[in-house]
Amino acid sequence: YSAKAGRGGVAVYDDERDGSGRHRLEAVEQLRAGISGGQLVLHYQPKLALGTGEVEGVEALVRWEHPTRGLVYPDQFIELAESAGLMASLTTRVVELALAQCRSWADQGRWLTVAVNVSPSNLVDEQFPGEVARLLAAHDLPSGVLTLEVTESILMEDRDRAVGVLTRLRDAGVGVSIDDYGTGYSSLAYLATLPVTELKLDRAFVGEMAGSPRAESIVTSTLQLAHAMGLSFVAEGVEDQGTLDTLTFLGCDVVQGYHVSRPLPPEQLWAWLSERASEELAVL
Ligand code: C2E
Ligand code: MG
Ligand code: MG
Ligand code: MG
């Protein structure tokens, strides 16, 4: 395992500089304390539905407010959490924060769905569906407000158990999204036999669309196949208006990306949503 520094930050742990493994142990203990001690926070990125022009949901992205390092991004601690057996408690915490936020927005008159990313160990954890149901009930929320994002690789690893856990979640009404689609080797025809509701095309393809007919044809054919299989099609990593226009023309259902909004802390997201709403009123 090695979590390299990203975005100019310092890796929480780097095993290449740690012959004794002592630093890893320290990093694990810090992360364990951070999870239970309220140091995880969520930023939310809007998911814009192109059919209605409305933000109907958000994706929750975890950050760690590290006591000395400042805000640490998931690239720098998710693998450590997974390898150290902390993923069950991390995901429970993230789902709890996301649903509490969703409840609070609903209480203020704004229903938003929320998507949470899950890791391989969550999908082989027989406790996980019950835990999700418990948290939904605790916040008095219908299961349809929650979508779980899984990557293709998760579904290939311990396939039968992962499909079993996902089926229970899906049967309970939770949405299931295939995240970063196209970076693995699974066929869409196969994935569509799994209990999934949404396909999220990886931003590598979306980013290449502008100026590349080949990339655009990959997007077009994936979108058509997703729709033929009854899946909602989401494009992530939309960074410019041209790409947004093309996706709208092609019939893409939902977009996410810096061109719409970066992931924001909840107060900033709320302000951003309010501003959009008043702009719409101004147009009327
Ligand atoms: P992801 O689920 O594919 O999330 C999208 C990542 O792309 C996010 O990075 C987001 O900030 C970034 N992004 C969004 N729009 C754009 C854009 O237009 N251009 C570019 N270049 N990037 C964009 P972030 O927040 O650093 O998260 C990275 C990954 O960490 C996520 O990828 C997800 O796999 C994982 N992750 C995040 N939160 C959680 C969590 O709560 N649990 C687990 N297990 N994994 C998480
Ligand atoms: Mg995601
Ligand atoms: Mg993604
Ligand atoms: Mg990703």
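**Helix first, then the metals**

Mentor: Let's begin with helix α1, residues 22-36: its 15 residues reach 22 Å from the first C-alpha to the last, close to the 21 Å expected at 1.5 Å a residue. Keep in mind that this is a predicted model.

Trainee: Okay. Which residues of α1 are buried?

Mentor: A27, V28, L31, G34 and I35 are the buried ones in α1. Looking down the axis of α1, you find its buried residues within an arc of 125 degrees, so they line one face of the helix.

Trainee: And what covers the buried residues of α1?

Mentor: The cover includes strands β1 (40-49) and β2, along with helices α2 (78-83) and α3 (87-107). On the other side of α1, L25 and S36 are exposed.

Trainee: What follows α1?

Mentor: G38, with a positive phi near 80 degrees.

Trainee: Switching to the metals now. What coordinates the magnesium ion that is ligand 2?

Mentor: The magnesium ion (ligand 2) is coordinated by E59 (OE), N117 (OD1), E149 (OE) and D179 (OD), at 2.0 to 2.2 Å. In sequence, those donor residues follow the spacing E-x57-N-x31-E-x29-D. Within that set, E59 in strand β2 (residues 54-66) and N117 in strand β4 (residues 113-117) are 58 residues apart, so the pair links distant parts of the chain.

Trainee: Is E59 buried or exposed?

Mentor: E59 is buried, with a relative accessible area of 5%. N117 counts as partly exposed, at 29% relative accessibility.

Trainee: How accessible is D180, and what about E236?

Mentor: D180 is partly exposed at 24% relative accessibility. E236 comes out at 11%, and it counts as buried because the cut-off for buried is under 20%.

Trainee: Last one: which residue bridges the magnesium ions (ligand 2 and ligand 3), and how far apart do they lie?

Mentor: That's D179, and the magnesium ions it bridges, ligand 2 and ligand 3, lie 4.0 Å apart.

Technical notes: Residues numbered from 1 in each chain as written. Chains lettered and ligands numbered in written order. Predicted model: local features only at pLDDT ≥ 70, side-chain atom pairs only at ≥ 80, totals over all residues. Heavy atoms only, no water. Buried < 20%, exposed > 50% of the residue type's maximum accessible area, 1.4 Å probe, protein only. Donors = N, O, S within 2.8 Å, 3.2 Å for Na, K, Ca; no water. Helix = DSSP H or I, 4+ residues; strand = E, 2+ residues; numbered from the N terminus. Expected span 1.5 Å × (residues − 1). Arc of directions from axis to C-beta. Contact = heavy atoms within 4.5 Å.
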